[in-house]
Number of protein chains: 2
Amino acid sequence: MARRTGRRPGNQGTREAILDAARAAFAERGFDAASIRAIAGTAGVDPALVHHYFGSKDQLFLAAMNSPVDPGEVLPKVLAGGADGIGERLVRTFLGVWDSPAGSAGVALLRSAVSNDWTARLLREFITTQVLRRVLDQLDVDPAELPLRGSLIATQLIGLAMMRHVVRLEPVASADPEALVAAIGPTVQRYLTGPLPT
Amino acid sequence: MARRTGRRPGNQGTREAILDAARAAFAERGFDAASIRAIAGTAGVDPALVHHYFGSKDQLFLAAMNSPVDPGEVLPKVLAGGADGIGERLVRTFLGVWDSPAGSAGVALLRSAVSNDWTARLLREFITTQVLRRVLDQLDVDPAELPLRGSLIATQLIGLAMMRHVVRLEPVASADPEALVAAIGPTVQRYLTGPLPT
DNA sequence: CGTTGAGTTCAACAGCTGATGAGTTTCGCC
DNA sequence: GGCGAAACTCATCAGCTGTTGAACTCAACG
């Protein structure tokens, strides 16, 4: 079987070029406002080719988000050190991720989740199943308390990302990362290990 | 002078109906995604009438935001009690505002600021000139430290609003307000009066 | 009465959107 | 060389967008 003849070239990076352009566009304008025509334009490609590769705008978005985001790799290092000082380590790692290439995917996800329903669901599921679940496995937090502690941390960290990378409110937008770690780390620490209201 | 003849009826509330529909639409979909046609539709009015009253979509947005938001009224009560327990009072008042009619304007502003540049500028200026300035006047915070303290508070509070009213992550989305006050109040308190990193 | 002008509607413009399907080029294999 | 298939382009569709200008309705005034 497997009669495979015909053109099978190295697919010389145009697919990756489209994904890069898509990530940049989604990060800058959000899912709804980013247009396939503009993405194809900066990738130097015909708009129809985007559909040829990815089928629909939704699937293009999913493909652009899936590749660079991988909490399974970075989270264990944060959790391995135990509960002591985990707040500061979490904030430091969090800030690092947003300044990396994966950061544009994050901005895209965040921007899109605000104006588009199904991307918001995507963000929620990412937070709950990809992040909170792993924390629960590694750290011994009371499973009954984990959702509240986790979403409290989410309010602080998503708010930090919003102000620093989306709304760009100074001086947080261009503050030294370590200053933010020192200021916000204790907050996260308290949300994770401190007392909880009844 | 003042030759005013012709029809001068009571302007029977259609203008307010348009504003209400606009606030709801902007809150639910954001500035870009909300359409004048849809707004006119739920207001039971022809789309052209919206332009007749407000001129452009931008001006309609401004008109819809201006009426219900007034930090000059609620902030003094929060600040009057002095620095003791101001964190909890701020969070309590903040949550109250978002659950009031003014909350939909807030959601609209927040949603829009993420995907639209000039509404983001609007939100930034609202935070800095309407909120932080008044805090500076009433509380004796070192003016040099106020911007950083203020924007740290903004990360926490905007993050709270995002999670509770936009992304709707549970259990924060439907948590008892007083539980959130108890959990987040100390954070705000520390950002405002606690030590600051160099 | 008739004029006036605000309230309101109709029809249409140009521009953009995601998507489709047929057509063309270009390569790898037999 | 020539066949097959992947990479890629062109033209086009229907639908939506904000905005415009002319037209119509109708209550109040002189």
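Rings of Phe, Tyr and Trp (its six-membered ring) count as a pair if their centres lie within 6.5 Å; planes under 30 degrees apart are stacked, over 60 edge-to-face, and the rest tilted. By this rule, there are 14 aromatic pairs over all chains.

Before you start clicking: this is a predicted model, where local features need pLDDT of at least 70 and side-chain atom pairs count only at pLDDT 80 or more, while totals for chains, interfaces and linings use all residues. Residues are numbered from 1 along each chain as its sequence is written, chains are lettered from A and ligands numbered from 1 in the order in which they are written, and side-chain values use heavy atoms, without hydrogens and water.

Select B:F26 and B:F61 to begin. Their ring centres are 4.9 Å apart with planes at 75°, so this pair is edge-to-face. B:F26 belongs to helix α1 (residues 14-33) of chain B and B:F61 to helix α4 (residues 57-66), so the contact ties together parts 35 residues apart in sequence. Helices here are DSSP runs (H or I, at least four residues), numbered from the N terminus. Both B:F26 and B:F61 are buried, meaning under 20% relative accessible area with a 1.4 Å probe, protein chains only.

Next, pick B:F31 and B:W118, an edge-to-face pair at 5.6 Å centre to centre and 80° between planes. B:F31 is in helix α1 and B:W118 in helix α8 (residues 117-138) of chain B, so parts 87 residues apart in sequence are tied together. B:F31 and B:W118 are buried too.

Finally, move to chain A, where A:F26, A:F31, A:F61 and A:W118 form one aromatic cluster.

Technical notes: Helices (H or I, at least four residues) and strands (E, at least two) are DSSP runs, numbered from the N terminus. Buried means under 20% relative accessible area, exposed over 50%, partly exposed in between (1.4 Å probe, protein chains only).
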